[in-house]
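My entries follow in the sequence in which I checked things.

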Amino acid sequence: MHGAGFKTDLFYAELPQSLITGFVDSLHPSKQEYIPQLLVNDKKNGKTILTTIDKELRSCDEFWFSVAFVTKSGVAVFINLLKELQTKNIKGKILVSQYQNFTQPEALRALLKFENIELRIVTKENFHAKGYLFKKGPGYDLIIGSSNLTANALCINKEWNLLVSSTNKGTLINNTLKEFHHEFQQAYPVTPFFIAQYEKVYTAQLSYAYKKSQFEDALAILEPNKMQVEALKNLKRLRFEGKNKALLISATGTGKTYLSAFDVQKVNPQKFLFIVHRETIAKAALKSYRRVFGNNKTMGLYTGNTKEMNADFLFCTIQTLSLDYNLHQFNEHHFDYIVIDETHRAGAATYQKILNYFKPTFLLGMTATPERMDDFDIFKEFDYNIAYEIRLHRALEEQMLCNFHYFGVTDITVDGKLLDDQTSFQSLVSYERIDNIIEKARFYGCDNGQVRGLVFCSSVEESNALATAFTHRGYKAVSLCSKSSETERADAFARLESNHIESKLDYIFSVNILNEGIDMPKVNQIIMLRPTQSAIVFVQQLGRGLRKADYKEYVTVIDFIGNYNNNYLIPVALYGNHSYNKDTLRKLLVSGSHLIPGASTINFDEIAQERIFKAIDSANMQLKKDLVRDYDLLKCKLGKIPMMMDFLTHGSRDPQLYSNYAKSYFNFVADQETSLQNCLSIKAIKLLELLSNDIANTKRVEEILILRELIKHTQLTKVACTTMVREKYDTHVSEETIQSCIRNINFEFITQTENKKLISVKEKYNLDILSYENDTFSLSKDVKNLLKSEIFTHFLTDMLQYAETMYDSFFNREQYIQGFILYQKYSRKDVFRILNWKQNPVAQNVGGYIISSDKTNCPIFVNYHKDDTISETTKYHDGFIDRYEFEWMSKSKRTLNSPDVMAIRNYKEGLRLPLFIKKSNGESNDFYYMGDVTPIDESFEQTALPDGNGKTVSVVKIRLRMNQPVEDSIYEYLTTRNL
């Protein structure tokens with residue numbers, strides 16, 4: 001490790017170069033870390049101002065914030081980190097303002113909890129400064145611009161901020177500190193007494209603003225939002241095409257009921273029926289329709305207690321209408337338009353009875369979760385007419401839902417044991433666990449200090465016991481279960497929403513009965529105390545808190561994560577990614593809040609995050625039952641056999657998992673569909689398998705494009721090929737790459753052992769794919785004959801289109817380096833193929849590196865966290881010194897004079913050194929491409945490793961300079977040691 005003096009000298013030497021790059025010449029070489037930057041919110045590219053402030057806080061020795069406004073959401077996005085800084089005794093000063101009484105009292109209370117933070121407020125002047133200052137070793141970083149300490153300002157608003165670095169002697173920093181300290185000394189210390197007094201002023205102003213907005217809302221004309229306008233157009237189109245039914249898929253809280261009302265308004269039926277499964281929902285729907293229609297239509301209820309059957313518009317419960325006597329009160333053509341809410345229930349006998357009886361002119365089904373696994377094909381029920389589909393992330397992007405701040409926290413150990421899938425009931429309701437739940441609920445709190453919480457438990461017994469325990473601790477709590485009456489439920493819902501302190505509930509505990517069909521917009525805290533068994537259920541429970549409401553800024557979600565097998569479902573649900581691709585899930589988890597729409601955030605403590613990584617590593621994403629389930633679901637949705645591209649288009653499971661399971665996607669489909677069995681020759685089947693595994697695996701695009709064009713035209717010139725790649729990707733295709741593509745497409749690169757002899761796959765299977773003469777690619781006669789089969793051509797074309805689409809999705813020209821894309825994963829075989837090796841050397845003992853025969857490249861493979869089971873002589877001390885340098889060891893039994901060490905030392909003669917790292921053997925067999933590296937000449941040092949027998953073996957230690965500084969998220973992921 002370098003000493004503090006060395007780092008200070010380095011900082012002073014590098015900072016002036018970065019300032020030249022930032023202010024004088026953008027091409028001047030310097031360290032990226034110190035270059036002045038414009039900070040903006042760019043969610044599409046995963047960049048926010050929050051990201052930078054988070055990074056600065058994690059690496060600072062002290063901090064100072066000066067902001068005009070602070071909200072509880074602005075504190076919530078940093079609350080875990082502030083707690084961590086308190087543990088490390090990193091001190092900070094925060095100066096806020098009472099300007100326009102915008103700062104929230106609850107935000108001040110949250111900041112006051114931290115003993116390491118001194119908090120003051122400017123009460124008299126029009127204080128409107130926004131700056132963030134961080135002391136870091138010998139220097140400072142300053143962020144100054146337009147962002148207040150609010151979630152919107154840090155995540156989504158159009159903000160401009162400048163980040164600059166300075167030494168502790170810089171005029172800018174010293175003037176900034178001087179100004180801050182002057183204002184801070186003049187400001188008023190924030191105390192509980194001050195907050196109580198200020199809250200009176202804040203509440204009075206908020207109440208006035210609320211009454212004003214209520215008055216304006218009452219005068220406003222109710223109009224469809226952006227999503228509803230698009231859906232209404234689709235519904236109109238479907239009816240124009242002669243369709244008489246449609247399915248609307250829309251996340252909870254996105255206005256499905258109002259959308260249906262707007263459509264009914266356009267159709268203007270004489271008689272209309274709205275079917276729900278609870279009376280409270282029927283009443284709420286009637287209220288919404290009355291807002292749209294006013295008194296133009298008569299409206300009534302048809303429930304167990306009320307039967308206003310003569311009304312134009314009738315809102316009924318399924319339980320009441322499905323009774324024979326009640327159903328036959330109406331003629332089958334009585335209703336012109338029928339809406340069925342929560343249509344995923346339509347497979348039940350009661351719903352089928354009604355659907356089979358009535359003959360409306362138009363039928364609309366509405367659901368947030370059509371993916372029900374009860375063997376009922378909801379898509380077929382509605383003739384595959386999907387009017388519109390808006391999932392959770394799209395709804396968050398459109399700001400149709402309330403933001404959420406999710407906290408994945410570690411569930412405690414009880415009697416020294418981790419809570420897991422087999423934990424006893426006694427442990428789930430132990431005093432230690434109850435104390436931990438309450439402590440976390442208080443710490444994370446809610447937006448306005450008046451908690452209205454839903455708690456989801458594992459069992460009815462746990463729900464009852466915890467509700468009782470919370471009541472004994474001074475909270476107002478009840479437990480609801482499937483046996484709770486409609487009256488009990490309605491009373492609990494009303495009390496949770498109540499503004500009367502005497503009757504208001506703090507928490508409702510339940511198992512699954514609150515997953516859907518309830519309307520409690522004021523819910524501002526959700527606590528999850530059960531293992532995640534289903535991504536669908538997770539989203540349903542999250543959705544309970546996402547409805548917008550007056551005075552509600554966001555919902556707090558606290559997820560207690562035990563040592564559960566299905567923890568990998570948490571990122572699936574949170575990020576809305578149903579690919580079940582392990583690498584994708586890891587990247588999402590590492591990204592934190594970067595890829596979550598809006599001002600919502602996702603936070604995990606270190607142990608909880610590692611438990612999820614562990615679950616991802618150990619999960620089998622290719623279980624046949626899961627593959628078949630998602631295949632059947634997509635088939636139902638499409639009304640036809642799905643192809644690989646359909647899985648991408650509809651955001652379903654990664655179709656490559658099907659190929660991995662069955663050797664090709666065709667093989668899997670043929671196993672499911674009798675119509676495709678025995679329809680292709682053995683050679684055609686084998687070719688699809690080989691192409692799927694060795695060419696269409698999304699790692700290199702040139703082979704894909706060559707085959708795609710040859711299928712269309714049977715011939716392709718080299719010029720046309722290279723032009724195509726250059727125009728689409730702005731990359732050069734060398735002659736070596738052309739030759740490598742030919743070897744790979746003809747399966748000469750891949751070898752297998754046959755009778756103790758190494759032969760190519762081409763030779764083994766007698767394959768002849770293409771020829772290359774006079775700079776022209778041509779398909780072989782064998783392949784042309786295979787392409788006469790429509791089925792073969794259909795599956796091959798789909799496979800190639802999938803591969804090209806996936807490659808395009810992660811291709812980034814700025815991160816593309818001679819065939820590889822930064823932070824994408826590659827197998828050893830992929831690496832050698834892309835480096836244009838003539839034969840795959842994986843059958844040899846590659847180890848941690850191997851130098852090509854022509855000494856043009858030497859790929860380095862590192863398993864970052866070594867397994868304890870490996871031999872002592874391979875426990876190399878490899879690791880990042882920082883984001884700019886990597887310390888690495890040669891193979892054992894090497895000296896400074898070993899040929900491979902000397903070749904690396906003489907890298908300037910043309911040796912390329914690409915670095916590939918995987919976190920551990922448990923992750924996968926593939927490696928992240930970290931960029932190319934350059935050996936530091938003076939760093940070569942011969943040292944030794946123990947051999948396990950009391951002796952040592954020689955090894956050479958080398959420092960490698962990263963040609964591109966490592967991205968923060970992947971750096972943190974790789975360097976964090978597994979639990």
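I began with helix α7, residues 171-186, in this predicted model, and I found that α7 lies across β2 (62-67), β3 (91-97), β4 (117-122), β5 (130-136), β6 (139-145), β7 and β8. For the direction of α7 I noted an angle of about 65° to β3.

I then turned to the strands themselves and asked in what order they stand in the sheet. I read the order as β1-β7-β6-β5-β2-β3-β4-β8, which makes an open sheet of 8 strands with mixed pairing. At the edges I found β1 (37-39) and β8 (188-189), each of which pairs on one side only.

Next I followed β1 to its partner, strand β7 (residues 161-167), and counted 3 bridges joining the two, which run antiparallel. Within this pairing I noted that Q37 stands opposite L163 in β7.

My last entry concerns helix α18 (residues 431-444) and helix α19 (residues 460-472), whose axes are 11 Å apart and which pack at an angle of about 65°. Because angles of 65 to 115 degrees count as roughly perpendicular, I recorded α18 and α19 as roughly perpendicular to each other. I also noted that α18 passes α19 in a right-handed crossing.

Which residues meet where α18 and α19 are in contact? On the α18 side I listed R433, I434, I437 and I438, and these meet E462, L466, A469 and F470 in α19. Sorting the residues of this contact, I have 6 nonpolar, 2 charged and no polar.

Definitions and conventions: Residues are numbered from 1 along each chain as its sequence is written. This is a predicted model: local features need pLDDT of at least 70, side-chain atom pairs count only at pLDDT 80 or more; totals for chains, interfaces and linings use all residues. Side-chain values use heavy atoms; hydrogens and water are left out. Two strands pair if DSSP finds at least two bridges between them. Helices (H or I, at least four residues) and strands (E, at least two) are DSSP runs, numbered from the N terminus. Contact means heavy atoms within 4.5 Å. Axes are lines fitted to C-alpha atoms, for helices over the stretch in contact, and angles run from 0 to 180 degrees between N-to-C directions. Angles under 35 degrees count as roughly parallel, over 145 as roughly antiparallel, 65 to 115 as roughly perpendicular and the rest as oblique. A crossing is left-handed if the near helix is turned anticlockwise from the far one by less than a right angle, and right-handed if clockwise. Ala, Val, Leu, Ile, Met, Phe, Trp, Tyr, Cys and Pro count as nonpolar, Asp, Glu, Lys and Arg as charged, and the others, Gly among them, as polar.
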